[in-house]
Amino acid sequence: MNGHMASIACGLLIGALFLALCPVHATAQGYPNKPVRLVTGSAPGGGGDLTARAIAQKLSALLGQQVIVDDRPGATGMIANKFVASAPPDGYTLLLQPSSFICISPHFNATETWDPSKNLAGIIQVSAYGLIVVVHPSVPAKSIRELIAIAKSKPGVLNYASSGVGSNFHLGAELFKLRAKVDMVHVPYRGSTAAVVDLIAGRADVMFGLVPVLNPYIREGKLRAIAFTGKQRNVLLPDVPTVGETLPGYEVESWEGVVAPVATPREIIVRLNKEIAAAVNSVELRELWSNRGVATVTSTADEVSVKVKQDYERYGDLLKRLGVQGG
């Protein structure tokens, strides 16, 4: 009798475990059965917004569900980071961010330690890019060497705009200041759009920014491009030298990636990696990336998770060496 009861109890336990696991499995198998939200920390019209909308259009068709772009700018990406990290880990709330927002911004999170590798799960890398250094036409510098000369002759007079403290624009400029031994004042904005508006209006002097966002204003003569932060010159601006050609060893390159809440089921991560890779590697998006001066780079989910962890630690060390503080 005791053996019979034990057998029944064991069967009930196995059944309970099966039922407990079924909803998760069914959710992954049936995914997606409603619209998917793709969150960015970008302001509308910013680099992340442009990337997200291009991917969302292709991904909607591939998933068979609408992918809605949800821009949540502020706190240099941390508002979007925390929003997605606290969302249900069901694959319906994803995050597309530049590496600076994922890996640098948490170091400026004053209220708590926020480690992206413990709060977010990697899905895929979608691009790699450098920054273009531009000045307002009122600044007489036509090269990075001339900008250095002006900044040294007028320490603390020139200011540079960025999308916020901890952004790659901010870090790129601070690393330049360190290498060039110059003093420029940082003016952080709530997103790159506002920073560009003030730069064009002459309320800011310099900006390290994205080629696709700034190139139209460069062509119109509203801004002057003087250098590129990547290892090689940008394909859209081949006549613009790299900063490293004047300051050997200087290089700032970034990447964009899609991540999800940390406990998102592996089956969903794998599905999203496959479909987003197909979208990004499509002829249309590869051409779009190229026309924006951005390299098409995709990865496995594990590769981008490792990249998040390594960059978070590496940038933390770099920020300490630079003496850069949040603000």
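Guide: H12 gives the most to the lining of the second largest pocket, with 5 residues. Helices (H or I, at least four residues) and strands (E, at least two) are DSSP runs, numbered from the N terminus. This is a predicted model, in which local features need pLDDT of at least 70, side-chain atom pairs count only at pLDDT 80 or more, and totals for chains, interfaces and linings use all residues. Residues are numbered from 1 along each chain as its sequence is written, and side-chain values use heavy atoms, with hydrogens and water left out.

The lining of the second largest pocket consists of Leu-171, Leu-175, Glu-251, Val-252, Glu-253, Ser-254, Trp-255, Asp-311, Arg-314, Tyr-315, Leu-318 and Arg-321. Two or more of these residues come from each of helix H7 (168-180), strand S10 (253-261) and helix H12 (301-322). A pocket is, on a 1 Å grid over the protein atoms alone, an open set of points where a 1.4 Å probe fits, with protein on both sides within 12 Å along at least five of seven lines; lining residues have an atom within 4 Å of a point. The volume of the second largest pocket is about 220 Å³, a volume being the space filled by probe spheres set on the points, which are joined across faces, edges and corners. By class, its lining has 6 nonpolar, 1 polar and 5 charged residues. Here Ala, Val, Leu, Ile, Met, Phe, Trp, Tyr, Cys and Pro count as nonpolar, Asp, Glu, Lys and Arg as charged, and the others, Gly among them, as polar.

The largest pocket has a volume of about 270 Å³. Its lining comprises 17 residues, of which Ala-128, Asn-234, Gly-293, Val-294 and Ala-295 lie nearest the centre. Strand S4 (120-130) and helix H11 (283-291) each contribute at least two residues to that lining, which by class has 7 nonpolar, 6 polar and 4 charged residues.

Strand S10 also belongs to an open sheet of 5 strands in the order S2-S1-S3-S10-S4, with mixed pairing; two strands pair if DSSP finds at least two bridges between them. Strand S2 (67-71) and S4 are the edge strands, each pairing on one side only. From one strand to the next, the twist averages 20°. Within this sheet, strand S1 (residues 36-40) and strand S3 (residues 93-98) are parallel and share 4 bridges, and Val-39 stands opposite Leu-95 in S3. Helix H2 (residues 47-63) packs on the sheet, touching S1, S2, S3, S4 and S10, and its direction makes about 165° with that of S2. Contact means heavy atoms within 4.5 Å, while axes are lines fitted to C-alpha atoms, for helices over the stretch in contact, and angles run from 0 to 180 degrees between N-to-C directions. Helix H3 (residues 78-85) lies across S1, S2, S3, S4 and S10, at about 155° to S3.

As to confidence, pLDDT is the predictor's confidence in each residue, from 0 to 100. The chain averages a pLDDT of 89, and 90% of the residues score at least 70. Over residues 4-26, however, pLDDT stays under 50, and the model has 2 contacts beyond four places in sequence for them.
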